[in-house]
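Student: I am new to this structure and would like a close look at a single part. Please go through it slowly and give the cut-offs behind each term.

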Amino acid sequence: METSEIQGRVLKILTPYVKDNSALENAGAETNILEDMKVNSARLVDVVLAFEDEFDIEIADEDVDSVNTVGDCVTLISEKLS
Amino acid sequence: MADATLLKPQERRALLRQRWLSRLLSPLWLPAFTAAMYAVMRWRIVGARALRREYARLRAGSDAPLLICANHLTMLDSFVISWALGGAGYYLRDFGGLAWNTPERRNFADSFWKRVLAYMLKCIPVTRGANRGEVALVLNKVAFLMSRGETAMIFPEGRRSRSGRVDRTNVAYGVGRLVSSLPGCRVLLVYARGEGQQDWSDTPARGERFHVTLRCIEPKSDARGLRGSLDVSRQIVTQIAEMEEAWFDDRQ
């Protein structure tokens, strides 16, 4: 699966959790999910669980620790898919 | 999972040093804080003797890790709950029974003396909304301490209940992650509320009378990974919410 396609699906999943829509409109790999998009940290787990369902992958507890930016999500999902 | 083995040797040593210093000075600060709650704030714990007997029994009855999970209404809940579960004399004998806390760093970051106080009071500060790596480090530290017989206290809602009632939708999954990482971990659920506490606040009112109920569980989940941790967290919050319902039913 292409990185751009993964990123598009990641952003779609993030959309309902994002409080700063301007960050969403300009989102790129470096966009920080908690600090830039203002996603509630407690909701981050729901986001990652949605990744599991969307991409049919399993993500371990430890994997979440490395998720800070949109790019981190894309990298993690790409690794799991491969 | 929270993994104490991931801590660096210097991080372990720092925690043990903090415990040692806190223990060393505890004959000073434990009676002082107890006296402040009793004589200055005039707080009272209804049925304190039975609560403390039960907590001492749980501590003495097993070597399995014990995590205290409570509802959260004021910034001083951890003081009240610790006092409800043991007096100064008890904690001087069983210092591991005095729970470690993970308070919000911003609540005391503005003052050197507040930071010193937090250090003495067995606190491991955490920044709410911090990157997951920092949160994981705190969980690893708590897991390390609990594996050495220390008790820890975490508020599974992650913040004070804004509605004044347990928020079942606001679940900190880190609690479940911590419990899942410690084999045989028991969770002591605590519901504590002052008679005059209508909703959330910074401090309980002077002269407040607290009613505290306890329930000990060993939550488990068939799910793995994140889902398992979240499932355990939800079990904990759900049971605390049930204890809250019972609390209000008893007072109708």
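Student: Which residue is the bridge partner of Trp100(B) in β4(B)?

Tutor: The bridge partner of Trp100(B) in β4(B) is Ala152(B). Some ground rules come before the rest. Residues are numbered from 1 along each chain as its sequence is written, while chains are lettered from A and ligands numbered from 1 in the order in which they are written. The model is predicted, so local features need pLDDT of at least 70 and side-chain atom pairs count only at pLDDT 80 or more, whereas totals for chains, interfaces and linings use all residues.

The names of elements come from DSSP runs: helices (H or I) have at least four residues, strands (E) at least two, and both are numbered from the N terminus. Two strands pair if DSSP finds at least two bridges between them. Here 2 bridges join β3(B) to β4(B), residues 152-154, and these strands run parallel. In general, strands of a sheet pair through backbone hydrogen bonds, either parallel or antiparallel.

The pair belongs to an open sheet of 6 strands in chain B, in the order β1-β6-β5-β2-β4-β3, with mixed pairing. Its edge strands are β1 (44-46) and β3 (100-101) of chain B, each of which pairs on one side only. Helix α6 of chain B, residues 132-147, packs on the sheet and touches β2 (66-70), β3 and β4 of chain B. The direction of α6(B) makes about 140° with that of β4(B). Contact means that the C-beta atoms of two residues, placed from the backbone, lie within 7 Å. The angles run from 0 to 180 degrees between N-to-C directions, along axes that are lines fitted to C-alpha atoms, for helices over the stretch in contact. Another helix, α8 of chain B (residues 225-250), lies across β2, β5 (186-194) and β6 (209-217) of chain B, running at about 35° to β5(B).

Ile81(B) lies in helix α3 of chain B, residues 77-85. Leaving out residues up to four places away in sequence, Ile81(B) touches Ile68(B), Ala70(B), Met153(B), Val190(B) and Ala192(B). Ile81(B) and Arg193(B) are 112 residues apart in sequence, and their C-alpha atoms are 9.7 Å apart in space. A residue is buried if 20 or more other C-beta atoms lie within 10 Å of its own, exposed if 12 or fewer, and partly exposed in between, with C-beta atoms placed from the backbone. Ile81(B) is buried because 27 other C-beta atoms lie within 10 Å.

Lys122(B) is found between α5 (112-120) and α6 of chain B. Its phi is near 60°, a positive value in a residue other than glycine. Most residues other than glycine have a negative phi. Lys122(B) is buried, since 25 other C-beta atoms lie within 10 Å.

Asp56(A), in the loop between α3 and α4 of chain A, has a positive phi of about 55° although it is not a glycine. Asp56(A) counts as exposed because it has 9 C-beta neighbours inside 10 Å.
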